[in-house]
Amino acid sequence: MRSAEEKFYRARITHRDEFSAGLWKIRLDPGGPYDFAAGQFATLGVQTPEKLIERAYSIVSSPYEPELELFIELVPGGELTPLLHALRSGAEVSLRKIAKGRFTLDLKSGHKNHLLLSTVTGVAPYMAYLRTLYKDSTENRFPADVHLYLVNAASRSWEFGYHEEIAELASKAPWLTYVPTVSRPYEDTEWRGETGRVEDIIRKYTDRWELSGSDTTGYLCGHPQMIELGKGILLRRGFPKQSLKEEVYWIPPKTLRR
Ligand SMILES: Cc1cc2nc3c(=O)[nH]c(=O)nc-3n(C[C@H](O)[C@H](O)[C@H](O)COP(=O)(O)OP(=O)(O)OC[C@H]3O[C@@H](n4cnc5c(N)ncnc54)[C@H](O)[C@@H]3O)c2cc1C
């Protein structure tokens, strides 16, 4: 059996920013060399007197950045997020040395188009794609013929987290199209952008952007219900199963399942 030292780093929080109540980002000094691909997740943990509590978090930062960035939502009554939420800059967490996950950008299928659908913190792995591709584009490593279409949903616009950064990238990058959408515009009366849940607007945008299963890979990340409904819509739109990738953040308790 591998010792704790072999499996875990003591990572240190170097920055912490609250986007809105219960939605925050942290940057971590991983505490040692940490290899990952854009789209993978890190396993973070907090030691309590009883046990080490660990959860998966998609990595926002690009592998080109020296620190790891994570975008976290507080789950009231959850085991780990209330503990993480209480931690300030300088605090330590455990970090498994090995990043995991296959929710990486599909550059093997030959598809030009990549439709990225997300709810709130589900934008995290897409941020890693965007930051990586943007850096590649400025250093002549950009993969030929790739276009990303990002739809990110939140109840209200202050829950987006990365809206300004993505909008700025989209203004500079001809290979990125961005649609933020707010599902509770009645609670955000200043919002002038798209409204509705991801599943309400997928059909409209796949039609508008002329995305089909033969030239597009679809990605769904975040809320399990968005993923289930969104997948159904894309399958009916003619996307074959193998052109869809998903990262489900949690399993709803049985009583809430439809
Ligand atoms: C591959 C992967 C990547 C992930 N990436 C992120 C990420 O980037 N950011 C992030 O915030 N989370 C992410 N998650 C979710 C994260 O791993 C935890 O499940 C989440 O932070 C809740 O942990 P907890 O211990 O506080 O709650 P738990 O004690 O694990 O859960 C308590 C209850 O809340 C439900 N629940 C869990 N998360 C939510 C939620 N967000 N909203 C509503 N109910 C929920 C659970 O099903 C459970 O019933 C990811 C999960 C996976 C599998």
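In which crossing, left-handed or right-handed, does α5 pass α6? Keep that in mind as you set up your viewer. You're looking at a predicted model, where local features need pLDDT of at least 70, side-chain atom pairs count only at pLDDT 80 or more, and totals for chains, interfaces and linings use all residues. Residues are numbered from 1 along each chain as its sequence is written.

**Stop 1: two helices**

Select residues 198-208 for α5 and residues 224-236 for α6. Helices here are DSSP runs (H or I, at least four residues), strands are too (E, at least two), and both are numbered from the N terminus. The two helices pack at about 20°, with axes 9 Å apart. Each axis is a line fitted to C-alpha atoms over the stretch in contact, and angles run from 0 to 180 degrees between N-to-C directions. That makes α5 and α6 roughly parallel (angles under 35 degrees count as such). As for the opening question, the crossing is right-handed: the near helix is turned clockwise from the far one by less than a right angle.

Now show side chains. From α5, Val198, Glu199, Ile202 and Arg203 meet Met226, Leu229, Gly230, Ile233 and Leu234 of α6. Contact means that C-beta atoms, placed from the backbone, lie within 7 Å. By class, this contact has 6 nonpolar, 1 polar and 2 charged residues. Ala, Val, Leu, Ile, Met, Phe, Trp, Tyr, Cys and Pro count as nonpolar, Asp, Glu, Lys and Arg as charged, and the others, Gly among them, as polar.

**Stop 2: two domains**

Colour domain 1 (4-96) and domain 2 (113-256) separately; such bounds come from an automatic or database domain assignment. Their centres, taken over C-alpha atoms, are 23 Å apart. Where they touch, 16 residues of domain 1 contact 14 of domain 2. On the domain 1 side, β5 gives the most, with 3 residues.

**Stop 3: the ligand**

Which residues are closest to the ligand? Pick Arg55, Gly78, Leu80, Thr81 and Trp250, out of 22 surrounding residues (C-beta atom, placed from the backbone, within 6 Å). The largest share of this shell, 4 residues, comes from β4. Overall, the shell divides into 13 nonpolar, 5 polar and 4 charged residues.

Notes:
Parallel < 35°, antiparallel > 145°, perpendicular 65-115°, else oblique. Contact = placed C-beta atoms within 7 Å.
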